[in-house]
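Reader: I would like to go through this structure by question and answer. Please show it first.

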Amino acid sequence: MRTSKTLTLLGTLFTFLACASAAEKSPSYSKADLNAAGKLRERALVDESAYQLISSLTTEVGTRPAGSAGDKAAVSWGLREMQRLGFANVRSMQVTVPHWVRGEAELAVVSPWPQSMPTLALGGSVGTPAEGIEAEAVMVKDLEALKALPAGAVKDRIVFFSNRMERTRDGSGYGRAVTIRVAGPSAAAALGALGVVIRSIGTSDERIAHTGALRYSADAPRIPALAVSNPDADVLVRQFESGKSVRVRIRSSSRDLAPATSANVIGEIPGTDRGSEIVILGAHLDSWDPGVGAIDDGAGVAIMMTVAKLINEVGQKPRRTIRVVLFANEEFGTSGSTAYVDLLRGEADRHVLGFEADFGAGPVWRLSSRVNPAQLPAVDQIFRALGPLKLVRGDNEARGGADLDGLGKLGMPILEPGLDGTSYFDVHHTVNDTLAKVDPASLRQAVAAFATAVWLGAQYPGNWERVEGPNPPRR
Ligand SMILES: [Zn+2]
């Protein structure tokens with residue numbers, strides 16, 4: 001007991017000394033850089049550009065799933081808007097993307113109490129035969145419950161996953177629930193099921209379904225999978241709880257077309273004395289098709305483009321190059337960011353710091369990071385510069401979004417101004433993802449937080465050293 005206490009004390013002392021020496025080694029920002037950060041923050045809080053960009057994208061392009069005509073139009077839109085905003089080295093990087101089309105979908109309870117329910121196919125789902133599939137349904141909460149069923153329990157049946165996603169500020173509720181959407185269809189198919197219906201991975205209490213990608217595994221038949229809204233899932237649960245047998249009919253004309261060509265859209269604010277080092281700002285240009293992708297990820301696109309625009313106008317050139325990348329097809333397989341990392345070759349180490357915005361239109365409530373511990377004092381300084389925006393100091397386990405995964409694995413540090421996800425999953429991947437759900441003041445606050453952190457990231461007087469180890473788990 002005593003020994004362990006002494007060891008703990010020694011450990012604490014050691015950590016303290018290590019931190020103190022890291023703080024000594026970590027140089028401080030110049031007054032000029034901190035003043036410019038303040039100026040950027042204040043300008044961002046009154047700048048309407050981000051809202052205008054989402055308005056333009058959703059009005060002139062609209063829905064833009066991978067491979068669609070909207071996807072192509074979005075690439076042209078991105079190139080045009082980056083030119084208009086005065087970015088340098090504006091270019092596209094061709095990417096091959098899968099091309100899945102939704103078609104129509106229907107879901108009806110046949111018995112005990114017949115009724116039809118609005119439904120959406122999960123992204124990537126195969127369709128049903130033209131006449132649909134009618135079968136007895138089996139309700140399970142989640143994948144664990146499915147696996148616990150006796151052998152043969154779901155053979156020739158339709159499996160209904162009833163689990164409800166939990167509302168959280170940091171998105172961790174989504175992380176815990178989304179496995180059902182991604183892996184549920186193949187897990188049910190492997191046990192002989194004919195189709196899958198899931199309670200939407202979303203928090204809306206409206207009668208709208210949330211789509212999103214599934215991932216078929218190679219060793220199970222591909223069976224159709226649909227999502228229903230939370231209130232309709234509740235109806236299904238009550239029908240099952242009656243103890244009567246529940247029969248449902250599903251029909252979907254979803255199908256795959258030949259792969260298509262899309263592109264990452266790239267533009268830069270060139271740096272000066274450290275211009276060969278890149279601070280990458282990532283967001284994704286594609287959207288799911290039911291809505292127009294104002295929140296996911298028009299907001300991220302607009303935040304990043306506005307941050308670069310504001311820095312370009314601040315009157316002081318950034319030291320490091322700020323590169324905005326609007327990635328192709330994040331939603332259905334992260335084709336754009338995968339191609340970006342593949343084409344980097346030896347250039348990965350030039351990406352010294354990454355930011356990603358793919359979690360709605362703000363506000364930002366927290367600053368997290370995943371930096372080399374030697375640069376934590378720099379993150380503390382950035383956090384202090386964000387003071388007027390009243391953020392919470394997060395941990396050093398940030399992961400960014402899906403599009404930074406590849407660069408993160410290669411050791412790129414990440415700074416994460418955390419977007420508030422409390423109501424994000426009310427509209428995520430639904431017909432309600434429209435401009436009406438964007439609050440202009442929250443969006444301006446998010447731009448202010450990102451602009452401050454990006455600017456100071458680009459001006460840091462020390463080196464952003466590489467990080468080691470695997471990416472932290474998704475929250
Ligand atoms: Zn997204």
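Reader: Where is the place of R370?

Author: This is a predicted model, where local features need pLDDT of at least 70, side-chain atom pairs count only at pLDDT 80 or more, and totals for chains, interfaces and linings use all residues. Residues are numbered from 1 along each chain as its sequence is written, and side-chain values use heavy atoms, with hydrogens and water left out. Strands (E, at least two residues) and helices (H or I, at least four) are DSSP runs, numbered from the N terminus. R370 lies in strand 14 (residues 364-370).

Reader: Which side chain of opposite charge is nearest to R370, and how far away is it?

Author: Lys and Arg count as positive and Asp and Glu as negative; His and the chain ends are not counted. R370 is buried (under 20% relative accessible area; exposed is over 50%, partly exposed in between; 1.4 Å probe, protein chains only).

Reader: Which residues coordinate the zinc ion?

Author: Donors are N, O and S atoms within 2.8 Å of the metal (3.2 Å for Na, K and Ca); water is not among the atoms, so sites may look incomplete. The distances here run from 1.9 to 2.8 Å.

Reader: Which parts of the chain do H284 and D296 link?

Author: In sequence, the donor residues of the zinc ion are spaced H-x11-D-x61-D. H284 and D296 are 12 residues apart and link distant parts of the chain. Both are buried. H284 is in strand 11 (residues 274-284), and D296 is in helix 9 (residues 294-312).

Reader: Why does the span of helix 8 agree with its number of residues?

Author: The expected span of a helix is 1.5 Å times one less than its number of residues. Helix 8 (residues 230-241) has 12 residues, so it should span 16 Å. Its end C-alpha atoms agree with that, at 16 Å.

Reader: Which strands do the buried residues of helix 8 pack against?

Author: The buried residues of helix 8 are N230, D232, A233, V235, L236, V237, Q239 and F240. Contact means heavy atoms within 4.5 Å. They pack against strand 2 (105-111), strand 3 (115-117), strand 5 (133-140), strand 6 (158-161), strand 7 (195-199) and strand 8 (225-228).

Reader: Which residue forms a salt bridge with D232?

Author: The closest N and O atoms of the pair are 2.8 Å apart. The pair links distant parts of the chain, 25 residues apart: D232 in helix 8, its partner in the loop between strand 7 and strand 8. D232 counts as buried because its relative accessibility is 2%. The partner is R207.

Reader: Is R274 buried or exposed?

Author: The side chains of R274 and E277 meet in a salt bridge (2.9 Å, N to O). E277 counts as buried, at 17% relative accessibility. R274 has a relative accessible area of 16%, so R274 is buried.

Reader: How many residues apart are D380 and R393?

Author: Their side chains meet in a salt bridge (3.1 Å, N to O). D380 is in helix 11 (residues 376-385) and R393 in strand 15 (residues 392-393), so to speak of distant parts of the chain, they are 13 residues apart.

Methods: A salt bridge is a side-chain nitrogen of Lys or Arg within 4 Å of a carboxyl oxygen of Asp or Glu.
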